[in-house]
Each structure stands twice: as C-alpha cells, then as structure tokens.
Amino acid sequence: MSAEVPEVLDAWRMVAARRSFDGRLPLAAMARLRDLLADTEGEARFSLEFGHDALQVPFVELRIDADLPLVCQRSLQRFLQPVSLTQRLALVRGEAGSDEDVEAALPPDYEALWVDDDGMLRPAALVEDELILAVPLVPAMPGSESVERDWPVPEDEETRANPFAALAALKKP
C-alpha cells in the first residue's frame, strides 16, 4: 500500500477530521482477489474520503480504478477488465446484521459498512472487498464471440426412433 495511507485507520476520528487519502495497492498484495485473477500484474489506484452528509450520516467514499487481468471464459485468453467505481459506504457501529433497521434507514445510495466497536478500519481490505465484488461471475473479453446460438440438430437424431415408443405399444390393449 502507498506510504500516504496508514495500514489501519480509526474511522470515527477520520470522519470527525474529514480526512481523505490517496493510494495504490498492488494486485499481488490482495490474497483473496488473487485466486480470481489470471495473474497479479498491476495495481489498484484508490482514494478514501471520510465525512458526514447533510443527514449527519458518517460515511467513507471509496473510488477505485484498476485493470484486472482475467481469463475470458469464451476464448480462455487473458484480458484486462477495466474497473472504475465509486462507492459511498455508511459507517455503522456494531456487528454486521445486528440491526437490520439501521440498514433500511440509510439513504438510497449508501451501502452499510459495519465497523467494530474499536472503530478500526483497514483500507486495503476495503479496496479488496470492492474489487472482488467487481469481478464478473463469468469473465468475457469484450468482442469475443458469444456462444448463444441455435445449434442445428443433426438429421439422424431427428429421425431416430423414440426410445419410449416400445412402452407406448405395451400400454395399448
């Protein structure tokens, strides 16, 4: 991670000070993301901005730009998937899922980020989580040929006898 961004931040102090950070994180440093990638060449550029909105909801706004090396599932070739995202996360105290009403009360453009009681937040883990969510379920290189076609049925299969025809004959009196 970049020298400007601490490894661990106190989320509540950062919100009170309205701090912001810019950093870079090599893809090789993200252990959970590594398994989804073709290789670990490259890095993710990110920025974190802490603050309160007009409703006094504490938030961290995360911006990430990266090119993720993926394997196309159509052609099995390596390609770079550009990722550019902005995510505003409402900082919520407690354990994840402990109060569903809190999540329902958040403004519509927010996702809940549950922060432990100690208030410590790991920027690298936050960036890695968002990049994992950005990886497509089935990576496909732009411009690759789609396999969604009508495959013709060979004539011999169409004319082949139905295997259940003999059962129909047994059923008739």
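Helices here are DSSP runs of H or I with at least four residues, strands are E runs of at least two, and both are numbered from the N terminus. On that basis the chain has 6 helices and 7 strands, and along the sequence they run β-α-β-α-β-β-β-α-β-β-α-α-α. Keep in mind that this is a predicted model: local features need pLDDT of at least 70, side-chain atom pairs count only at pLDDT 80 or more, and totals for chains, interfaces and linings use all residues. Residues are numbered from 1 along each chain as its sequence is written, and side-chain values use heavy atoms, with hydrogens and water left out.

**Whole chain**
- Of the 173 residues, 35% count as buried (under 20% relative accessible area; exposed is over 50%, partly exposed in between, with a 1.4 Å probe and protein chains only).
- Take the contacts (heavy atoms within 4.5 Å) between residues at least 6 apart in sequence: 55% of them join residues at least 24 apart.

**Nonpolar cores**
- A core here is a set of buried Ala, Val, Leu, Ile, Met, Phe, Trp, Tyr and Cys residues joined through side-chain atoms within 4.5 Å.
- The largest one has 35 residues, and Phe-50, Leu-68, Leu-91 and Leu-131 touch the most other members.
- At least two residues each come from α1 (11–17), β2 (20–26), β3 (43–52), β4 (58–71), β5 (78–93), β6 (110–115) and α4.
- The top contributor is β4, with 6 residues.
- There's also a second, separate core of 5 residues, including Val-57, Phe-59, Leu-106 and Tyr-110.

**Helix α4 and Leu-131**
- The 12 residues of α4 (residues 123–134) should span 16 Å at 1.5 Å a residue, and the end C-alpha atoms sit 17 Å apart, which agrees (the expected span is 1.5 Å times one less than the number of residues).
- Buried in α4 are Pro-123, Leu-126, Val-127, Glu-128, Glu-130 and Leu-131.
- Leaving aside residues up to four places away in sequence, Leu-131 touches Met-30, Leu-33, Ala-44, Ile-64, Ala-66, Leu-68 and Val-83.

**Gln-87**
- Gln-87 lies in strand β5 and counts as buried because its relative accessibility is 19%.
- With residues up to four places away again not counted, Gln-87 touches Val-60, Glu-61, Leu-62, Glu-111 and Glu-130.

**Phe-164**
- Phe-164 lies in the loop between α5 (155–159) and α6 (165–171).
- Phe-164 is exposed, with a relative accessible area of 55%.
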